[in-house]
Amino acid sequence: MSMLIDVQMRSKNNSAATMVKKEGDIAILQCTYSTTESDYILYWYRHYPDKTPEFMIRRYSGNDIQNKGTGFGIRFSAQLQTSNSFASLSIAALVVSDSAVYYCAFKTRVRSRAS
């Protein structure tokens, strides 16, 4: 018998999108953002009730590098499409512990200028 997995995506205005999947399925969460900056970072976090949100993955706008937090292996990947201000998080081979709320966060990169 497979368990059902509740995956939620929340935005900064606290609106939520919920999907229910079965163990072994893939979940793809989507995030849109708006910026006029060309240098930024997009982060993904997982949040369990009564726990601190945990860092999952960050993607930089200028390259294809993704840095992952501890414990987030090959089942987790993030895509960043800078041309249309769109990001997604893929979670493959879902397991019950993937039932959580997921957040994307956006941060512009400020570089210091030489004087």
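Two strands are said to pair if DSSP finds at least two bridges between them, and strands themselves are DSSP runs (E, at least two residues), numbered from the N terminus. The structure described here is a predicted model, in which local features need pLDDT of at least 70, side-chain atom pairs count only at pLDDT 80 or more, and totals for chains, interfaces and linings use all residues. Residues are numbered from 1 along each chain as its sequence is written, and side-chain values use heavy atoms, with hydrogens and water left out.

Strand 7 and strand 8 are joined in the antiparallel sense by six bridges. Looking at individual residues, Q81 has F86 in strand 8 as its bridge partner.

Attention now turns to the charged side chains. Side chains of opposite charge can pair when their charged atoms come close. A salt bridge is counted where a side-chain nitrogen of Lys or Arg lies within 4 Å of a carboxyl oxygen of Asp or Glu, and a search of the whole structure finds four of them. One of these joins R46 to E54, with an N to O distance of 3.0 Å. R46 also forms a salt bridge with D98, where the closest N and O atoms are 3.8 Å apart. This second pair links distant parts of the chain, since R46 sits in strand 4 (residues 40-47) and D98 in the loop between strand 8 (86-91) and strand 9 (100-108), 52 residues apart.

D98 has a further partner in R75, and their side chains meet in a salt bridge at 2.9 Å, N to O. Because R75 lies in the loop between strand 6 (66-68) and strand 7 (76-81), while D98 lies in the loop between strand 8 and strand 9, the pair ties together parts that are 23 residues apart in sequence. Through shared partners, salt bridges join R46, E54, R75 and D98 into one network.

How accessible are these residues? Relative accessible area under 20% means buried, over 50% exposed, and in between partly exposed (1.4 Å probe, protein chains only). D98, at 0%, counts as buried, and R46 counts as buried at 10%. E54 is partly exposed at 27%, and R75 is partly exposed at 24%.

How values were computed:
Helices (H or I, at least four residues) and strands (E, at least two) are DSSP runs, numbered from the N terminus.
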